[in-house]
Amino acid sequence: MSNESRKSAGFKDRTPVTAARETLLDAVSPHERTERVPLRDADERVVAREITAERAVPHYRRAAMDGFAVRAEDTFGASQRSPASLRVDEAVTTGTAARVHTGSELPEGADAVVMVEETEVTGDSVTVFDAVAGGENVAPVGEDVAEGQTLYEAGHRLRPSDLGLLKSVGTDTVEVYEQPTVSMIPTGEELVQDDPAPGEVIETNGQTVTQYVERWGGTATYRDIVTDDVDALRAAISDDLDHDIVVTTGGSSVGERDLLPEVVDGIGEVLVHGVALKPGHPVALGVVEETPILMLPGYPVACIVNAVQFLRPALRQAGHLPSTAPPTTEAELTRKIASEPGTRTYARVELHTEDDDEPTATPTRASGSGVLSSVALADGWVVVPESVEGYDAGDTVAVEDWEWSQ
């Protein structure tokens, strides 16, 4: 569709959210760039190659209890009524025992440990009141991890406990996928970074989305504001096609100054323009030279809603990161939420809990996608599906926490 046709048609035909997301993800290829990083920097990074244990854990036979290392056969038949008596020594041979502590290396010749509670020391002798079997209270080599054991497959996202295990087997660096890169280009001739004059607006969308990218596991390049000019917009996008994803804010609708769909269509292809969601239907999705382009609306709330619905899954796919559903809280709605049939609505709510009562959810604002405080001061949003014409007060709803980062 030409730009003039698009502007005259407006958004009469909007793509469903799920279909729009699938279209975008079809254009996102997971990159194959890797890097080796030290363990201290590897938390939440994604393993790029299978990791195996360089050494066993434990790498020596160790005492699992405080007590005495012995030859098990020297304790056979020992009991409270008929204890065995062994000589205390540093080495373990027939008739001797060596004092050990939990984690101590088991002396050569010993094959078991008698717990200290079952012994009594007198001079250079130890009386044993309980028989032990071979291997009892001993951690063998490789009990925790065997040498050469596969620990993690490619695609595993590392956690602090994983990093502790890797250090224990002698690994100090790991090969991981590089974090996906995002170019963040705020657009609009009315935008400034500080001290706005009448008619000017502080740029917040680019900063907000940049920080979401970092939280979601990517690396963002926050560009200078680009004015509403075809040549300037074309150059800004073209210069950043080496990123995994290019994101713009503002200029995505069908007004006279909404130039981005025209620009992207001129150097690539607009795949979707207008999605059946509220707030934020004037979102556009495209591709230029195999680089996905996400054109987010300029209103702050609409920008955030679309970033969560489209940028997050695209970023996760590009970086081999798992895509997980947001955590939800079941709550009773205190006021009605209206929704247009055929449109997926994201209604911002505040959560309240008193004593042991079930949480309640109160809509912060029925409309107003330009009111940033309505989302910044909310605790989550209620998603009203396309097939539902809103929810009534008293209904139980699921409140999504869009701020989650996993």
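Predicted model: local features only at pLDDT ≥ 70, side-chain atom pairs only at ≥ 80, totals over all residues.
Is Asp-240 buried or exposed? Asp-240 has a relative accessibility of 3%, and because the cut-off for a buried residue is under 20%, it counts as buried. As for its place in the chain, Asp-240 sits in the loop that runs between helix α5, residues 230–239, and strand β17, residues 245–249. If we set aside the neighbours within four places in sequence, the residues in contact with Asp-240 are Ser-183, Ile-185, Arg-223 and Val-246.

Let me now step back to the region and the domains. The UniProt record, which is an unreviewed entry, lists residues 183–317 as "domain: MoaB/Mog". The domain assignment of the chain gives domain 1 as 3–33 + 179–319, domain 2 as 35–56 + 150–177, domain 3 as 62–139, and domain 4 as 328–400. Between domain 2 and domain 4, the C-alpha centres lie 41 Å apart.

Next, the salt bridges, of which the structure holds 15. In one of them the side chains of Arg-71 and Asp-74 meet, at 3.2 Å from N to O. Arg-71 counts as buried, at 18% relative accessibility, and Asp-74 is buried too, with a relative accessible area of 17%.

Another salt bridge brings together the side chains of Arg-215 and Glu-403, at 3.6 Å from N to O. This pair links distant parts of the chain, with Arg-215 in helix α4, residues 205–215, and Glu-403 in the segment after β26, the two being 188 residues apart. Arg-215 is partly exposed, with a relative accessible area of 41%, and Glu-403 likewise counts as partly exposed, at 32% relative accessibility.

A further salt bridge is formed by the side chains of Lys-336 and Asp-392, at 3.4 Å from N to O. Lys-336 lies in the loop between β22 and β23, whereas Asp-392 lies in the loop between β25 and β26, so the pair ties together parts that are 56 residues apart in sequence. Lys-336 is exposed, with a relative accessible area of 51%, while Asp-392 counts as partly exposed at 43%. There is also a network, in which salt bridges that share partners join Arg-33, Glu-178 and Asp-244.

Finally, I turn to the backbone. Which peptide bond has an omega near -5°? That is the bond from Val-57 to Pro-58, which is cis, and Pro-58 lies in the loop between β2, residues 51–52, and β3, residues 62–63. The bond from Lys-278 to Pro-279 is also cis, with omega near 0°, and the place of Pro-279 is in the loop between β19, residues 277–278, and β20, residues 284–288.

Positive phi values also deserve a mention. Glu-289, although it is not a glycine, has a positive phi of about 50°; its place is in the loop between β20 and β21, and Glu-289 is exposed, with a relative accessible area of 64%. His-320 has a phi near 60°, again a positive value in a residue other than glycine. His-320 lies in the loop between α7, residues 300–318, and β22, and it is partly exposed, with a relative accessible area of 21%.

Notes:
Residues numbered from 1 in each chain as written. Heavy atoms only, no water. UniProt positions renumbered as here; feature names shortened; annotations may be inferred. Helix = DSSP H or I, 4+ residues; strand = E, 2+ residues; numbered from the N terminus. Buried < 20%, exposed > 50% of the residue type's maximum accessible area, 1.4 Å probe, protein only. Contact = heavy atoms within 4.5 Å. Salt bridge = Lys/Arg side-chain N within 4 Å of Asp/Glu carboxyl O. Domains from an automatic or database assignment.
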